[in-house]
Amino acid sequence: MKTLLSLILLSTAVPAAAIPIEQLKTDTKVLASDAFEGREPGSPGETKTIDYLVKRMTEIGLKPGNNGQWTQDVPTVSITTAPTPLQIAGGKAPMTLAYGPDQVVWTKRQTAEQALVNSPIVFIGYGINAPDRDWNDYEGMDVRGKTVVMLVNDADWWAPTSGKDAGPFNGKEQTYYGRYILKFEEAVRQGAAAAIIIHQEVPAAWPYSVVTSTWTGPQVDLDSPDKGMGRLAVEGWLSLDAAKRLFASAGLDLLALEKAAGQRGFRAVETGLTASTKLENTIARSNSKNVVGIIPGAKRPDETVLVTAHWDHIGRCTPDASGDDICNGALDDAIGTAGLLAIAADVMKGPRPERSIAFLAVTGEEAGLLGSEYYARNPVFPLAKTVGGVNMDVLNVFGKMDGFTIIGAGQSELEAIATRLATAQGRRILPEDTPQNGFYFRSDHFSLARRGVPMLFGRGGGEVIGKPPGFGLAAQANYVAKQYHTPSDEYSDDWDWAGALQDLDMFRDFSLDLANRKDWPNWLPSSEFRAIRDASRKTAP
Ligand SMILES: [Zn+2]
């Protein structure tokens, strides 16, 4: 409490300028134009986007952020795993799990072939090892060379309420431990050969069709010095129906296993089954780019505040009824990238901040936060001396809001700053509508957060001022249902910019607040990122 209070009292008052609206509109319109072809990494649209961003950052007066360069190369690899069945033995009868309806498996190892031969199958509960929560699904089980099959989300997603007292993993709210990436990483640490996650629609927050649309075909990932050999031999998803059949063939009941896995003291179960498959890969390598411009700090230039947005989108996609096949990504995230430029331009008009502010437009968000992940692994500015920052992914064009929602609230001291600034705008702070969806883990700030850098992610919430109750929520739902990742996410002259301006004003003041203070806002003691940050800060030069 003391820390939070002192943060509020110590903050520096910053005169609010005005975000340049006409330029913001122009930048959004250009980035979202058909000429940019939906800004897919590796496409001609990437070249146009990078050129435009460098031109605009130069005009604004930023300095090239990467040791005199405007860009950071992000090496990527695309692996296409041929559709392959999974053979199960050791049960009542041999089983073949079909590629697509039953399972989707792949390998991130950059080899032409990767095999799994009679690998013993273990039910590993939620596949979580969380020392800070005194929870280890691997306790007492040697999984080396084995195939671990696990549940999606974390061990108390089914709880009716959220919060620290609602369960070991904050109840209904999804925690970091519920993320599938972390589950695969933990399986690697435990020496498993393969990890397969059982899909369930409610705790996954999306239908099984997303597995077959997202994890099939070419899979773009960061290229790595170890050529992916540090990954599992096989990763994948299993449909709920296939999982039920799989366990039934071993005389086990998935429902009973699931129940046990949600209880403290759960022990993993050897199923007596084995898995075999042979994956064949086609591999292609390419390069994309992050763009970074900087305002060097006047007093402590070696301390950096980050403002991030992803410039990329999904490029050409399934045509709509009119034949339009360009997914323009106007709201996702041309507008956030334009917002980043607008904040930079606005800060440049005022006195130089004490700390440096880096404006980082990242690539590959849509392929899995690749540009931000690459940056976090290869930071231009040491993470130990990166104070924190704000990420923008989709801005509000439905009007001025009476509230502000911090995504993934309850984690860091940045929230006190955001709360003060939003309150000063006359807004109330509102909880997330769907904390169970884990939105904090789904955009670029998370690549930094998981390495300890406190990052704010939030947006206008509540009601649109001057509109009937529910207008904003309906507009948002309509965007998700009809425009999100389709050719109709296009620039519109009908947008109401007041909400975007409100958030951008706040994010600018937030960045300046971080840049002009002397202390280091941290994660709260209860946050899973606190220990990571404390260890990282000790390495600061
Ligand atoms: Zn996005």
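## Aromatic pairs

Two rings of Phe, Tyr or Trp (its six-membered ring) count as a pair here if their centres lie within 6.5 Å; planes under 30 degrees apart make the pair stacked, over 60 edge-to-face, and the rest tilted. By this rule the count comes to 26 aromatic pairs. Take Phe 441 and Phe 446: their ring centres are 5.2 Å apart and the planes sit at 75 degrees, so this pair is edge-to-face. Phe 441 is buried, at 4% relative accessibility, and Phe 446 is buried too, at 6% (buried means under 20% relative accessible area, exposed over 50%, partly exposed in between, with a 1.4 Å probe and protein chains only). Both belong to one aromatic cluster, together with Trp 135, Phe 169, Tyr 176, Tyr 177, Tyr 440, Trp 523 and Phe 529.

A word on the source: this is a predicted model, where local features need pLDDT of at least 70 and side-chain atom pairs count only at pLDDT 80 or more, while totals for chains, interfaces and linings use all residues. Residues are numbered from 1 along each chain as its sequence is written, and side-chain values use heavy atoms, with hydrogens and water left out.

## Charges over rings

Some rings have a charge over them (NZ of Lys or CZ of Arg within 6 Å of the ring centre and within 35 degrees of the ring normal). Arg 355 lies over the face of Trp 520, 4.8 Å from the ring centre. Lys 467 does likewise with Phe 471, its charged end 5.0 Å from the centre of the ring.

## Nonpolar cores

A nonpolar core is a set of buried Ala, Val, Leu, Ile, Met, Phe, Trp, Tyr and Cys residues joined through side-chain atoms within 4.5 Å. The largest has 62 residues, and Ile 343, Phe 359 and Leu 456 touch the most other members. Helix H9 (residues 330–349) gives the most to this core, with 12 residues; helices (H or I, at least four residues) and strands (E, at least two) are DSSP runs, numbered from the N terminus. Apart from this core lies another, of 61 residues, including Leu 254 and Phe 446.

Back to Leu 456: leaving aside neighbours within four places in sequence, its contacts (heavy atoms within 4.5 Å) include Val 390, Ile 406, Met 506 and Phe 510.

## A three-stranded sheet

An open sheet of 3 strands runs in the order S18-S17-S20, with mixed pairing (two strands pair if DSSP finds at least two bridges between them). Strand S18 (428–430) and strand S20 (458–464) are the edges, each pairing on one side only. Strand S17 (residues 401–406) pairs with S20 in the antiparallel sense over 5 bridges, and Met 401 stands opposite Val 464 in S20.

Helix H14 (residues 498–516) packs on the sheet, touching S17 and S20, and its direction makes about 50 degrees with that of S17. Axes are lines fitted to C-alpha atoms, for helices over the stretch in contact, and angles run from 0 to 180 degrees between N-to-C directions. Helix H11 (residues 414–424) lies across S17 and S18, at about 175 degrees to S17.

## A hairpin and its partner

Strand S3 (residues 86–89) covers one face, with Leu 86 and Ile 88, and leaves Gln 87 and Ala 89 on an uncovered one. S3 and strand S4 (residues 95–97) run antiparallel, joined by 3 bridges. They form a hairpin with 5 residues between them, and Gly 90 in the turn has a positive phi of about 95 degrees. S3 also pairs antiparallel with S13, over 3 bridges.
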